[in-house]
Amino acid sequence: MNFGFNDEQQEIKATAKSFAQSRFKPDVVRKQVESEPGGFDEAVWKELSELGWAGIAVSEEHGGQGLGMVELVILCEELGYAVAPTPFLANACAGLALEWAGSDEQKAAHLGGIATGEARGAVGSPDVFLDAEGAAVPIVFDEDGARILDPNSVTFDKLDLIDETRGYSEPSSVDGEALTGDLDAASGRMSVAVAAELTGIAQRAMDMAVEYAKERHQFERPIGAYQAVSHRCADMLYAVEEARSLTYYAAWAADEEPDSLALAASMAKARAADAAWEVAKSSIQVHGGIGFTWEHDLHFLLKRARASGQLFGSSSAHRERVAGLIGMAA
Amino acid sequence: MNFGFNDEQQEIKATAKSFAQSRFKPDVVRKQVESEPGGFDEAVWKELSELGWAGIAVSEEHGGQGLGMVELVILCEELGYAVAPTPFLANACAGLALEWAGSDEQKAAHLGGIATGEARGAVGSPDVFLDAEGAAVPIVFDEDGARILDPNSVTFDKLDLIDETRGYSEPSSVDGEALTGDLDAASGRMSVAVAAELTGIAQRAMDMAVEYAKERHQFERPIGAYQAVSHRCADMLYAVEEARSLTYYAAWAADEEPDSLALAASMAKARAADAAWEVAKSSIQVHGGIGFTWEHDLHFLLKRARASGQLFGSSSAHRERVAGLIGMAA
Amino acid sequence: MDLTLTADEEAFRDEVRTWLADNNPGPEPDGDDSAKFEFQRTWQRTMHDAGWAGVAWPKEYGGRGASLLEQTIFYAEMARAKVPRPANILGLVMGGPVVMAHGDESQKERFLEPILSAEEIWCQGFSEPESGSDLASLKTKAVKVEGGWEVTGQKVWTTLGHIAKWCMLVARSDFDAPKHKGLTYFICDMEQDGIEVRPLVQITGEAEFNEVFFEGAFVPDENVMGGVGNGWMVAITTLMNERAGLGASAAVGLQNDLENLIELINERGLGSDPILRQKIAALKMGTEALSLGAMRSLSQQIKTGIPGPEGSVAKLQWGSINQEMTELATEILGPAALGKDSDWGYKMLRSRANSIEGGTSEVLKNIIAERVLGLPKLR
Amino acid sequence: MDLTLTADEEAFRDEVRTWLADNNPGPEPDGDDSAKFEFQRTWQRTMHDAGWAGVAWPKEYGGRGASLLEQTIFYAEMARAKVPRPANILGLVMGGPVVMAHGDESQKERFLEPILSAEEIWCQGFSEPESGSDLASLKTKAVKVEGGWEVTGQKVWTTLGHIAKWCMLVARSDFDAPKHKGLTYFICDMEQDGIEVRPLVQITGEAEFNEVFFEGAFVPDENVMGGVGNGWMVAITTLMNERAGLGASAAVGLQNDLENLIELINERGLGSDPILRQKIAALKMGTEALSLGAMRSLSQQIKTGIPGPEGSVAKLQWGSINQEMTELATEILGPAALGKDSDWGYKMLRSRANSIEGGTSEVLKNIIAERVLGLPKLR
């Protein structure tokens with residue numbers, strides 16, 4: 001038993017961290033949002049793809065790295081930490097959808113482009129798609145199942161959401177070619193990927209709060225010396241660590257113990273969504289007025305936390321699912 | 001508009017306070033609980049009755065004081081503050097039940113004894129009765145309505161509940177003579193009386209916490225100087241004041257604006273029950289280890305808060321009722 | 001105990017209600033802020049012409065001299081009628097009262113009337129980047145010069161800074177005196193070089209507030225309020241005014257929102273959802289408790305003459321109820337509430353400041369612990 | 001990352017599981033505490049005969065020398081099998097370790113074996129009425145006398161004080177030295193005049209703890225642990241032991257209770273209640289997070305060799321989950337849970353101490369803020 005990363009995973013984490021923090025510096029994210037809200041830098045996407053990350057969880061036979069959810073989760077967490085404007089999550093989720101629910105033909109047709117990042121995938125619901133603009137393989141999930149939309153016949157109308165670090169849009173049609181495989185296996189993994197992004201967001205919001213609490217002085221003390229602030233930060237820590245434990249476990253379960261995935265994924269998604277939202281709010285409170293200003297980066301985290309938290313099911317929907325899976329009689 | 005007590009009400013409050021705090025001193029309550037759990041001092045009950053309080057809200061034509069719910073609530077709050085072992089609440093509730101839901105014959109037959117305290121009334125559900133032992137007019141409330149039980153044919157088996165400051169028992173039968181009047185008018189007022197008792201309990205638990213936080217020193221400071229403690233106490237204050245505002249309002253509504261009683265009573269009961277429980281728990285936390293000991297009085301409050309909080313409907317049941325009354329479509 | 005209005009009080013309420021019904025200018029215009037502001041200015045003039053702008057002001061200063069209870073009724077009715085707020089709100093609730101309390105005759109002569117008429121708008125220059133909760137640590141400095149003072153420093157969270165004629169400015173006039181002692185309260189003319197006003201954009205994307213930079217701005221001696229070195233005392237009394245009587249009208253506002261939310265829930269056929277019913281009931285109870293608490297403390301104040309600290313409690317309750325309500329509404333709306341044009345979405349983001357502006361929740365709890373419960377101050 | 005057990009680890013777990021299945025003495029007897037205790041003593045002997053009592057102890061001292069992971073597996077399996085706790089729990093997790101870490105050869109010779117065999121029971125004399133969280137302020141005094149020390153003062157929260165042979169006693173041996181410096185750690189013989197043990201009844205009505213009064217009790221020099229004046233350091237290391245590795249077995253206990261609660265809910269036909277479903281799911285998530293967090297910190301500790309502060313986090317999480325779970329259970333049971341004989345009712349009352357005993361939630365949050373997050377200490 002070793003609930004830690006192996007050497008290869010640690011290397012991925014280190015690379016991902018330095019990449020995310022150099023390519024998505026706060027001022028870069030801000031410039032992106034203020035110049036082209038919802039957009040992203042194609043060059044950086046190309047660079048990221050060349051590292052093999054676009055296809056990190058895509059099987060080797062389809063041109064991916066053939067690594068697992070644990071490795072994918074590492075990338076999602078670091079990119080979430082940076083609130084990176086990048087279609088990475090949308091593309092990765094499309095890859096998971098095809099990998100686990102697609103037919104051999106569908107995999108053969110689409111996974112290659114997703115793995116190289118040259119023919120991006122995207123996922124969404126009839127209301128909201130993630131980074132679908134310019135995507136070659138948009139996949140819609142709804143109560144009738146999942147379908148690959150034809151990018152040439154579907155248009156995506158941009159949605160102006162409060163989260164401007166990512167592109168949101170509404171599809172003009174949701175007709176397409178059905179995915180006939182195991183949709184739960186796909187959507188469970190998609191939820192875990194989002195949970196990882198949310199964990200990264202929560203971690204970042206906490207780090208900012210702690211740092212500020214050390215520097216900021218009021219009444220001749222650093223505010224972090226007041227229990228109203230320090231205990232608030234301690235509460236943030238449990239939230240972050242609980243989200244992380246459940247997310248890593250769910251990722252591991254997806255790779256090694258698929259029977260546990262459904263429960264693990266819902267626990268992870270619900271906890272991480274709540275953690276990101278609660279910690280982001282709490283971090284604003286620690287910052288006081290400055291945390292409420294546009295010029296401070298916290299609101300990017302707050303808004304992304306809110307938007308990602310609603311992807312693939314609300315927290316209460318996932319808790320409801322958990323209850324059923326642990327034996328509460330319907 | 002004057003949301004304060006008038007002179008007569010203030011006088012009642014002052015008398016009630018000094019009476020409750022002299023007759024039900026902490027050591028007296030403790031002696032009662034340890035010598036005869038669930039019992040009470042007949043002499044003090046007689047004394048209390050001679051002040052006219054047993055019948056304070058009973059109409060004058062039936063030998064009562066003919067005062068209103070506001071006056072009754074003042075007494076309930078002070079007796080709750082002292083966690084007084086006394087059948088006052090049970091007797092008062094029986095009086096309210098008859099006054100508002102009894103027939104003229106039933107009133108004539110029973111209210112007199114209730115008003116003088118010589119033929120006590122008691123109320124309860126099929127599971128639990130309050131201070132029914134020795135009561136002349138036990139009244140049961142259940143989904144089929146309310147009925148006066150015949151004390152000569154019904155026996156009450158004592159229940160050993162954690163709250164030993166009051167007598168709880170289970171009736172051997174729940175058949176009796178039905179109350180055919182306005183049961184909501186009766187039960188609404190009964191809920192308000194309990195809410196007042198709970199408000200008194202919450203106030204007492206808070207006062208004890210604040211006092212202790214001023215005296216107790218750790219790490220060379222009174223613990224009340226630490227925000228973990230002082231903000232906890234501040235939170236207690238809102239809970240107590242919210243419970244009090246809603247309870248007084250409900251009492252006033254019962255007397256002056258009966259159409260608002262149903263909503264007001266449920267809001268008061270739900271808030272006061274939660275306040276008493278939360279503040280009692282929080283007060284134990286402020287006290288630390290000593291608050292967890294039998295020799296400290298806090299547990300009498302904690303247990304009474306729990307028991308009274310469940311009388312006449314749980315907080316969630318009352319909130320559910322509130323939702324319906326303010327327009328949530330069923 | 002009597003929660004009904006007396007005949008006189010009822011007559012007053014009806015008078016207010018009728019007047020508001022007849023003169024309600026309707027919702028504020030969409031579009032740019034200056035249009036909104038002119039709309040509010042016109043509205044305040046309308047109020048003033050009818051003698052309502054200074055409802056709380058003594059008659060001698062052009063006010064209506066309404067009793068505490070009448071003021072509360074008036075504000076509650078305004079919220080109930082959903083009329084706009086008067087343009088010069090800070091002048092009315094802070095500027096005027098401070099001039100009346102601490103100003104000399106000529107200052108009253110000079111400043112009061114234009115506040116009521118909204119001819120001269122007032123803004124507040126208290127907070128600084130380094131002094132949010134800790135007012136006594138203000139660094140903006142006022143240096144004595146011929147005939148007045150020269151002010152240099154930065155203020156922040158200055159509402160209407162870009163429109164205001166006068167700024168209630170607290171600055172350090174004596175760096176040798178102990179923290180609280182060295183401050184002076186000035187009425188500073190915003191229309192001069194040496195003052196730069198920059199909009200401060202919030203997380204909602206709009207700019208309600210400003211940063212104000214003073215670079216040797218001049219304030220004549222006659223604009224010192226309450227005497228040199230008394231700035232702390234003068235400022236504190238002003239802050240009290242800010243919070244007093246908030247409860248009642250705030251509760252009406254929450255009640256309006258709650259009704260909208262219930263309507264929204266019913267429209268979506270969610271009225272029977274047991275979880276939502278529990279949450280809505282809790283919000284209703286909080287709102288009622290806030291309004292009733294305001295009435296209780298008002299009765300107390302009328303009786304004793306002393307304003308209690310209930311303002312702090314009410315501020316705290318209002319903030320948390322508003323945050324919970326807007327969050328619940330956005331949960332119900334789902335992704336739709338994430339739209340930048342969503343009213344509830346905006347309210348949800350804006351509500352994050354409720355626990356910071358006008359005294360953070362932490363500071364308010366300190367106040368309650370110390371002043372109401374008598375707990376020791378942390379040294 | 002690999003959450004499955006290796007072949008060896010699995011073999012160890014199976015060995016433990018089989019042994020526990022074969023030797024589980026069943027539930028503790030009802031009735032008086034001394035019967036319960038003798039039951040636990042017999043159980044510990046059974047464990048010791050099979051070499052399990054000292055699972056965490058090095059082989060040289062009669063332990064099994066199990067690895068950190070094996071210890072965790074062992075404790076988790078104990079919780080899973082719902083076996084009783086060994087009688088001499090404090091001796092095993094605190095007394096033994098402190099003697100092994102700070103004792104000299106003769107002390108190890110004298111004290112260790114009887115701990116394992118439960119022949120000599122140990123209790124802890126740290127807390128005092130005036131020193132709950134603030135250990136450094138201990139007042140119990142130890143005065144040097146011929147051949148040893150004379151102890152006078154009062155200790156509280158002393159589990160098994162009435163049965164124990166030895167007390168881990170921290171007392172002030174030097175009143176002139178600074179707070180932390182003047183303390184010495186003694187192993188005090190409880191079987192002597194000058195020591196009075198009084199049961200301390202809790203709000204549950206039972207007496208798990210005692211007050212211990214020292215009136216000139218004698219401790220020979222050879223029973224000083226870790227040297228005169230080093231009491232603080234010795235005590236702190238002992239307290240660490242108390243919290244370490246708690247998470248895993250605590251989570252198993254919560255998981256057992258949660259399963260019972262779900263069963264209870266289903267029996268009452270409430271399984272479909274949306275509100276209960278949300279609450280149960282939240283409890284499950286908290287329990288899983290606690291168990292997974294314990295595994296993560298264990299892996300970390302195995303790798304780095306340094307025990308993290310996770311013990312404090314786990315303690316805090318466990319306490320709040322247990323309080324919420326027992327409260328929910330009693331809400332569901334209604335009045336029935338208010339019966340003095342109600343198991344859930346008892347658990348609910350008992351759980352109120354979870355946020356106090358073994359470090360209050362406030363102190364634990366201070367520790368986390370300072371040691372994990374590096375926030376400044378309040379001076």
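Helix axes here are lines fitted to C-alpha atoms over the stretch in contact, and the angles between them run from 0 to 180 degrees between N-to-C directions. The model on display is predicted, so local features are given only at pLDDT of at least 70 and side-chain atom pairs only at pLDDT 80 or more, while totals for chains, interfaces and linings use all residues. Residues are numbered from 1 along each chain as its sequence is written, and chains are lettered from A and ligands numbered from 1 in the order in which they are written.

**Chain B: a helix and two partners**

Begin by selecting residues 183-215 of chain B, which form α7, together with residues 227-256, which form α8; helices (H or I, at least four residues) and strands (E, at least two) are DSSP runs numbered from the N terminus. The two helices pack at an angle of about 155°, with their axes 9 Å apart, and α7(B) and α8(B) are therefore roughly antiparallel to each other, the cut-offs being under 35 degrees for roughly parallel, over 145 for roughly antiparallel, 65 to 115 for roughly perpendicular and oblique for the rest. The crossing of α7(B) past α8(B) is left-handed, a term for a near helix turned anticlockwise from the far one by less than a right angle, with right-handed used if the turn is clockwise. The residues of this contact between α7(B) and α8(B) comprise 19 nonpolar, 4 polar and 2 charged, where Ala, Val, Leu, Ile, Met, Phe, Trp, Tyr, Cys and Pro count as nonpolar, Asp, Glu, Lys and Arg as charged, and the others, Gly among them, as polar.

The residues of the contact of α7(B) with α9(B) divide into 23 nonpolar, 7 polar and 2 charged.

**The contact of chains A and D**

Now show chains A and D, whose contact takes 41 residues from chain A and 40 residues from chain D; two residues are in contact if their C-beta atoms, placed from the backbone, lie within 7 Å. On the side of chain A that touches chain D, at least two residues come from each of α7 (183-215), α8 (227-256), α9 (261-287) and α11 (315-325) of chain A, and the largest share, 14 residues, comes from α8(A). By class, that side of chain A has 24 nonpolar, 10 polar and 7 charged residues.

Within α8 of chain A, select E242(A), which is buried, with 27 other C-beta atoms within 10 Å; a residue is buried if 20 or more other C-beta atoms lie within 10 Å of its own, exposed if 12 or fewer, and partly exposed in between. Leaving aside neighbours within four places in sequence, E242(A) is in contact with R271(A), A275(A) and A289(D).

**Two further stops in chain A**

Move to F129(A), which lies in strand β2 (residues 129-130) of chain A and counts as buried, with 27 C-beta neighbours inside 10 Å. F129(A) and E170(A) are 41 residues apart in sequence, yet their C-alpha atoms are 6.0 Å apart in space. Not counting residues up to four places away in sequence, F129(A) touches A122(A), G124(A), P138(A), F156(A), Y168(A), S169(A), E170(A) and P171(A).

Next select F312(A), in the loop between α10 (298-309) and α11 of chain A, where phi is near 55°, a positive value in a residue other than glycine. Most residues other than glycine have a negative phi. F312(A) is buried, with 23 other C-beta atoms within 10 Å.

**Chain D: a loop and a helix**

In chain D, A118(D) is found in the loop between α5 (105-116) and β1 (122-125), has a positive phi of about 65° although it is not a glycine, and is buried, with 25 other C-beta atoms within 10 Å.

Then select residues 274-304 of chain D, helix α8, whose 31 residues reach 44 Å from the first C-alpha to the last, close to the 45 Å expected at 1.5 Å a residue; the expected span is 1.5 Å times one less than the number of residues. Of the 31 residues of α8(D), 23 are buried, and the helix is mostly covered. Just after α8(D), G305(D) takes a positive phi of about 80°.

**Chain C: a last helix**

Finish at α3(C), where the buried residues are L69(C), T72(C), I73(C), F74(C), Y75(C), A76(C), E77(C) and M78(C). Just after α3(C), K82(C) takes a positive phi of about 55°.
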